[in-house]
Amino acid sequence: MDGLQATGARYQECVARLHALLLRVARHEVSRRSGSLGLSGPELDDVAQQAADDALMAVKAKVGDFRGESRFTTWAYRFVVLEVSSKLGRHFWRNRPADLDQDGWERLPDERSPVPHDVVEHGELWDALGAAIRDDLTDLQRRVFVAIVLNGVPMDAFARELGSNRNAVYKVLFDARRRLRSSLAAAGYVAPARSEERA
Amino acid sequence: MNGPTQLERLLGDDPDRSDGDDAAPVVDAGCAAGFEVLHLYVESELAGGDPAEELPGLAVHLRRCPACHEDYLGLLESAGRFGDAGPDPV
């Protein structure tokens with residue numbers, strides 16, 4: 001591991017080349033994800049610049065962890081992708097209605113909620129799902145499930161809204177889905193989880 | 001339209017799913033641990049390997065976590081497109 005652990009001009013040259021690579025990936029990734037965000041060119045490039053800058057800091061901090069099991073670029077690009085996701089999460093709410101809240105499921109389906117329109121046509125199923133959301137989830141589980149699964153809010157955006165992080169939100173979503181599956185399985189709408197079959 | 005199947009899409013897959021009737025369920029790697037090996041998963045896929053076999057915990061997680069799945073798609077695309085861009089800086 002030479003360049004990033006060198007000093008002087010060689011280090012500066014290596015960092016500059018790496019930043020250029022990360023910025024190219026960041027611009028591509030921002031463009032790939034930006035379709036529904038309503039961001040314009042300068043805003044998108046600002047996100048890409050910030051993502052590349054922060055990814056570079058992460059790479060420099062963690063380069064000692066790189067064990068050569070993959071190309072260095074693939075290892076490093078992870079940080080760009082993660083930073084782009086996080087930074088776009090900040091922008092998500094700017095063009096969204098403020099009423100994507102825990103009661104949103106009661107108003108579904110509507111024009112902002114393509115998932116129920118597309119995937120749940122049977123009123124009986126929707127009624128059962130709605131009842132399970134209302135009765136069987138905790139407030140936090142309900143908020144997370146409605147926002148992420150029904151309203152399509154990106155997890156990083158919703159984690160930011162909660163003052164939490166992706167990992168914690170995923171755990172809540174996992175538990176919510178498991179609880180809903182259990183409720184709907186008891187009513188015969190879905191197969192029970194394997195652990196419940198064995199119990 | 002198959003309502004139950006689509007309802008299951010909302011619920012995600014069985015949290016105790018395994019690849020065989022008698023096999024133990026694969027443990028979901030989670031977001032943080034999954035990120036630590038995401039580059040290996042992508043490299044395996046780009047090389048024509050079987051990353052789901054090599055890293056089953058991450059494969060399960062990517063099926064369930066929309067955020068990490070989106071990261072995976074982004075990394076797969078960028079590693080394929082820009083993976084050999086310029087000399088290796090290390």
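The structure is a predicted model, in which local features need pLDDT of at least 70 and side-chain atom pairs count only at pLDDT 80 or more, while totals for chains, interfaces and linings use all residues. Residues are numbered from 1 along each chain as its sequence is written, chains are lettered from A and ligands numbered from 1 in the order in which they are written, and side-chain values use heavy atoms, with hydrogens and water left out.

With 21 residues, α3(A) reaches 31 Å from its first C-alpha to its last, close to the expected 30 Å; the expected span is 1.5 Å times one less than the number of residues. Of these 21 residues, 18 are buried, so α3(A) is largely enclosed by the rest of the structure. Here, buried means under 20% relative accessible area, exposed over 50% and partly exposed in between, with a 1.4 Å probe and protein chains only.

Aromatic contacts come next. Rings of Phe, Tyr and Trp (its six-membered ring) pair if their centres lie within 6.5 Å, and planes under 30 degrees apart count as stacked, over 60 as edge-to-face and the rest as tilted. The count comes to 7 aromatic pairs over all chains. Among them, F72(A) and W75(A) have ring centres 5.5 Å apart and planes at 35°, so this pair is tilted. Both F72(A) and W75(A) are buried. F79(A) and F35(B) make an edge-to-face pair, with 5.5 Å centre to centre and 75° between the planes. Because F79(A) lies in α3 of chain A and F35(B) in α2 of chain B, the pair joins two chains. F79(A) counts as buried at 4% relative accessibility, and F35(B) is buried at 14%. Ring pairs link F66(A), F72(A), W75(A), F79(A) and F35(B) into a cluster. The charged end of R78(A) also sits over the ring of F35(B), 4.5 Å from its centre (the rule asks for NZ of Lys or CZ of Arg within 6 Å of the ring centre and within 35 degrees of the ring normal).

A pocket is an open set of points on a 1 Å grid over the protein atoms alone, where a 1.4 Å probe fits, with protein on both sides within 12 Å along at least five of seven lines; lining residues have an atom within 4 Å of a point. About 300 Å³ of space lies in the second largest pocket, a volume being the space filled by probe spheres set on the points, which are joined across faces, edges and corners. Of its 13 lining residues, L82(A), D156(A), N165(A), R166(A) and N167(A) are the closest to the centre.

Notes
Helices (H or I, at least four residues) and strands (E, at least two) are DSSP runs, numbered from the N terminus.
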